[in-house]
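Please open the model in a viewer and keep the sequence panel at hand.

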Amino acid sequence: PVLRFCAGRIDAEDGAESLPLGPTAEQQELFPCDAQGDCKEPLGTTTVGLIYVNPEGPRGRPSPTDSAAEIRNVFGRMG
């Protein structure tokens with residue numbers, strides 16, 4: 001990377017330039033996620049539309065044990 005770190009994307013304050021996180025038609029065709037909250041590799045998240053993991057817990061159920069396993073899995077996909 002040019003900055004030697006990930007600076008993220010630049011978005012307009014009103015969201016006009018923000019890209020939707022999905023699912024897009026291309027994503028559905030190439031990498032479908034049949035069950036939200038249980039997306040598999042090569043997707044880097046368990047839920048389409050979220051950046052990493054669901055802050056409410058896996059599939060919206062708060063569980064520290066399950067959350068820890070999901071966080072390890074998802075961040076492990078990112079290398």
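**Before selecting anything.** This is a predicted model, in which local features need pLDDT of at least 70 and side-chain atom pairs count only at pLDDT 80 or more, while totals for chains, interfaces and linings use all residues. Residues are numbered from 1 along each chain as its sequence is written, and side-chain values use heavy atoms, with hydrogens and water left out.

**The whole protein.** Colour by secondary structure: the protein has 2 helices and 0 strands. Helices (H or I, at least four residues) and strands (E, at least two) are DSSP runs, numbered from the N terminus. Of the 79 residues, 22% are buried; buried means under 20% relative accessible area, exposed over 50%, and partly exposed in between (1.4 Å probe, protein chains only).

**Select Gln27.** Gln27 lies in helix α1. Gln27 counts as buried because its relative accessible area is 13%. Leaving aside residues up to four places away in sequence, Gln27 touches Pro32, Cys33, Leu43 and Val48.

The criterion is a pair of cysteine sulfur atoms within 2.5 Å; Cys33 and Cys39 meet it with an S to S distance of 1.9 Å. The link is left-handed, with -95 degrees about the S-S bond. Both ends are buried, Cys33 at 14% relative accessibility and Cys39 at 2%.

How many salt bridges does a search of the whole structure find? The search finds 2, where a salt bridge is a side-chain nitrogen of Lys or Arg within 4 Å of a carboxyl oxygen of Asp or Glu. Asp38 pairs with Lys40, the closest N and O atoms being 2.8 Å apart, and Arg59 pairs with Asp38 at 3.5 Å. Both Arg59 and Asp38 lie in the loop between α1 and α2, so their pair ties together parts that are 21 residues apart in sequence. Together, Asp38, Lys40 and Arg59 are linked in a network of salt bridges. Asp38 is partly exposed at 32% relative accessible area, whereas Lys40 is exposed at 51%.

**Inspect the backbone.** Most residues other than glycine have a negative phi, and most peptide bonds are trans. Arg59, although not a glycine, has a positive phi of about 55 degrees; this residue is partly exposed at 43%. Next, move to the cis peptide bond that joins Glu41 and Pro42, where omega is about 15 degrees. Pro42 is in the loop between α1 (25–30) and α2.

**Finish at the surface.** Select Ile51, Tyr52, Ile71, Phe75 and Met78, which form a nonpolar patch with about 480 Å² of accessible area together. Patches are made of residues with over 30% relative accessible area and no salt bridge, like charges being joined within 9 Å and nonpolar side chains (Val, Leu, Ile, Met, Phe, Trp, Tyr) within 5 Å. Within this group, Ile71 belongs to helix α2 (residues 64–77) and is partly exposed at 39% relative accessibility.

Methods
Accessible areas come from the Shrake-Rupley method with a 1.4 Å probe; for residues, only the protein chains shown count as cover. Contact means heavy atoms within 4.5 Å.
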